[in-house]
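Please look through the sequence and the structure shown below before reading on.

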Amino acid sequence: MATVEYRKVGKSFGSVEVLKDLSLEIEDGAFVVLLGASGCGKTTLLRMTAGLETVTAGEVVIDGRVVNDMHPRDRDIAMVFQNYALYPTMKVRDNIGFSLEVAKKSKAEIARKVEEAARVLNLTEYLDRKPAELSGGQRQRVAMGRAMVRDAKVFLFDEPLSNLDAKLRAHMRVEIRQLHDRLGATTIYVTHDQIEAMTMADKIVLMKGGKIIQEGSPDDLYDRPNSRFVAEFIGSPQINLLDGRIEAEEGAVRFRARHLVLDLPQAYAAHAGKAVACGIRPNDVTLDPDGAITGTLQIAEKTGADVQFHLDVEGTEFVAVAPRSAYRHGGERMSFAIDPEKLHVFDEASGERISV
Amino acid sequence: MKLGVLSADRPLVWMLPLILMLVAFTIVPLFYNIWLSFHEYAPFKRQLVYVGMENWKAMFGDSRMWESFGITMFYFVVVLSIELVLGMAIAMLLDEDEFGFGLLRSVLTLTLVVPPAIVGMMYLLIEDPEFGVLTYVLSLFGILDKSTPILATASTALWGVMLADVWQWTPFMVLIFLAGLRSLPPEPYEAAMLDGASAWMTFRRITLPLMSKVIAVAVLIRGIDIFRMFDYVFVMTSGGPGTSTYTLSLYSWQQTFSFIKWGYGATLSLFALFVIIVIANLFIWAAKVRW
């Protein structure tokens with residue numbers, strides 16, 4: 001177990017700068033998710049941690065030691081690769097036990113640990129197969145097993161679930177989180193899937209263009225996104241954003257987008273007149289005939305317990321989630337209400353959150 | 001479009017030229033060779049006469065045949081091993097994307113375009129006791145006395161011939177291995193690094209198993225070639241000094257064309273063919289090569 005720290009880390013491939021001046025501290029035993037769209041530099045950061053990419057600027061520190069020039073084999077890191085990177089010519093048993101074999105552990109100990117890992121991962125009956133004879137999910141679990149038997153300081157996961165089907169992905173999310181809770185090892189997990197991030201992380205680090213946009217707990221990012229970008233990235237269905245203006249008149253502070261008027265907390269009075277985008281999470285609205293958000297129902301999607309209403313509100317698509325019982329057909333006018341405290345207000349120009 | 005006899009559903013028409021060549025230059029000579037091995041040329045009658053199994057009986061009792069067979073096997077094992085190990089080592093050194101490595105890789109093909117007989121001539125000069133570069137360098141280090149001609153000394157002549165073979169054909173191994181190495185996936189190597197594997201461990205447990213098919217094919221191609229090696233000994237030593245570099249193919253050539261024993265020469269060459277078929281198939285079976 002160990003802490004991981006990035007001090008003003010930079011990475012360039014030729015003239016292309018992938019990471020810039022990135023600083024981040026990861027606590028001992030934390031489960032940190034690096035989240036971002038493809039090309040944001042999250043995988044590069046992970047590979048630099050492992051030592052598979054050189055560090056072109058700054059320092060990568062593991063357990064208090066600068067590891068910039070340390071060979072990957074000396075870093076004591078276990079990694080699960082996106083495409084699993086299994087040893088194609090070895091049986092599952094040898095794939096999982098290879099690190100132990102390298103560490104010159106006794107045959108009995110290797111067998112014990114491999115079988116233990118196989119049991120946890122439901123791989124026992126596949127131990128004598130080669131990777132080519134396994135399905136994607138099984139290969140993924142072999143890759144996990146290979147990390148599990150290690151007593152590594154840090155566990156790295158590089159989009160390990162991206163090649164799996166939805167059901168298996170949901171299952172493996174739980175497995176990975178349980179594995180982390182049992183081993184208690186520092187874990188850095190890279191993904192572009194915000195659901196994975198939200199469900200697994202202690203801390204999410206949202207990246208864009210080689211920089212950290214926001215870091216914090218899943219709740220922090222969901223409840224207090226620091227920018228329009230974060231608000232749009234986190235949460236499913238995606239947040240609704242309405243462009244308008246803050247108005248203060250007759251002692252009341254309001255958000256106005258053409259005919260739509262929403263009450264805002266008093267504290268926004270200082271920003272009166274500012275052009276803003278108002279963010280409304282689809283789950284934060286309630287069906288209310290007197291609600292301020294009114295629109296024409298385009299389509300209603302049943303998702304099981306809930307129904308998602310797609311409305312046309314002031315010419316903008318607006319999604320609202322309501323219980324299944326509220327289901328109705330398209331074409332109707334519908335109204336929703338929202339608690340002013342749950343509105344997210346972003347500066348129209350900079351996209352930054354307007355904090356009050 | 002109508003092609004008539006040339007349409008794609010008449011494969012025989014397309015294969016005919018190859019079949020004709022195969023029959024004319026391989027099948028017919030093979031059967032003629034088998035037929036020859038039961039006959040012998042009688043100089044006084046100036047014709048081939050039937051001798052039954054005489055050639056075969058004579059061959060198995062021929063000590064010179066066994067000696068040349070031994071020399072061939074020794075040459076085969078030593079040269080193949082050196083070319084294999086050296087080829088793999090050089091291939092791994094050249095498996096880089098740094099500046100200049102592409103050029104180095106293409107330079108390697110140069111030795112392969114020189115006719116083996118010319119390489120033999122080159123090494124005849126290189127190993128010459130009077131002005132040969134190799135003789136000079138070896139004598140500088142005190143390894144070889146200048147008065148010892150490499151190719152005219154029984155204990156060193158075969159090694160002198162092997163040198164030419166290794167120089168010319170190791171690049172062939174390198175090229176085949178490079179093709180294999182460069183197509184290997186990078187991920188298992190990254191995983192092995194993180195698993196803490198040393199370079200040797202990575203080579204032994206990951207590279208070698210992944211390369212096994214490529215190695216098998218290279219060994220098979222070179223093995224067959226080495227076994228029937230003729231050019232170098234013919235040019236460099238003519239089998240000498242004495243019979244110390246007489247390989248099986250040289251011996252069958254000598255019996256056929258110098259001694260005009262058509263039948264016995266054919267028998268010897270058939271024996272060589274038989275041995276190489278057995279060795280090759282044993283190897284294919286053992287190395288689990290699938291075509």
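**Briefing on a predicted two-chain model**

In chain A, five strands form an open sheet in the order β15-β19-β16-β17-β18, and their pairing is antiparallel. The model is predicted, and the points below, which are grouped by topic, should be read with that in mind.

- From one strand to the next, the twist averages 50°.
- Strand β19 of chain A, which covers residues 333-338, runs antiparallel to β15(A), and three bridges join the two strands.
- Which residue of β19(A) is the bridge partner of Thr286(A)? The partner is Ala337(A).

**The domains of chain A**

- The domain assignment divides chain A into domain 1, with residues 4-232, and domain 2, with residues 238-347.
- The C-alpha centres of domain 1 and domain 2 of chain A lie 39 Å apart, and five residues of domain 1 of chain A are in contact with seven residues of domain 2 of chain A.
- On the side of domain 1 of chain A that touches domain 2 of chain A, there are two nonpolar residues, one polar residue and two charged residues.
- An unreviewed UniProt entry carries the annotation "domain: ABC transporter" for residues 4-234 of chain A.

**Backbone details in the loops of chain A**

- Most residues other than glycine have a negative phi, and most peptide bonds are trans, which is the background for the next points.
- The peptide bond that leads from Ser236(A) to Pro237(A) is cis, with omega near 0°, and Pro237(A) itself lies in the loop between α8 (228-233) and β11 (240-249) of chain A.
- Lys104(A), although it is not a glycine, has a positive phi of about 55°, and this residue is found in the loop between α2 (92-102) and α3 (107-120) of chain A.
- Is Lys104(A) buried or exposed? Lys104(A) counts as exposed because it has 7 C-beta neighbours inside 10 Å, and the cut-off for an exposed residue is 12 or fewer.
- Arg258(A) is also not a glycine and has a positive phi, of about 50°, and its place is the loop between β12 (252-257) and β13 (260-263) of chain A.
- Arg258(A) has 12 C-beta neighbours inside 10 Å and therefore counts as exposed.

- Chain B has twelve helices and two strands, and from the N terminus on its elements run α-β-β-α-α-α-α-α-α-α-α-α-α-α.
- The C-alpha trace of chain B spans about 75 × 75 × 35 Å along its principal axes, and buried residues make up 30% of the 291 residues in chain B.
- Of the contacts in chain B with a separation of 6 or more, 69% are between residues 24 or more positions apart.
- How many residues of chain B are in contact with chain A? There are 13 such residues of chain B, and they are in contact with 17 residues of chain A.
- On the side of chain B that touches chain A, the elements that give two or more residues are α8 (187-194) and α9 (199-227) of chain B, and the largest share, six residues, comes from α8(B).
- By class, this side of chain B has nine nonpolar residues, one polar residue and three charged residues.

Key: Residues numbered from 1 in each chain as written. Chains lettered and ligands numbered in written order. Predicted model: local features only at pLDDT ≥ 70, side-chain atom pairs only at ≥ 80, totals over all residues. UniProt positions renumbered as here; feature names shortened; annotations may be inferred. Contact = placed C-beta atoms within 7 Å. Helix = DSSP H or I, 4+ residues; strand = E, 2+ residues; numbered from the N terminus. Nonpolar A, V, L, I, M, F, W, Y, C, P; charged D, E, K, R; others polar. Buried ≥ 20, exposed ≤ 12 C-beta atoms within 10 Å, placed from the backbone. Pairing = 2+ DSSP bridges. Axes fitted to C-alpha atoms, helices over the stretch in contact; angles between N-to-C directions. Domains from an automatic or database assignment.
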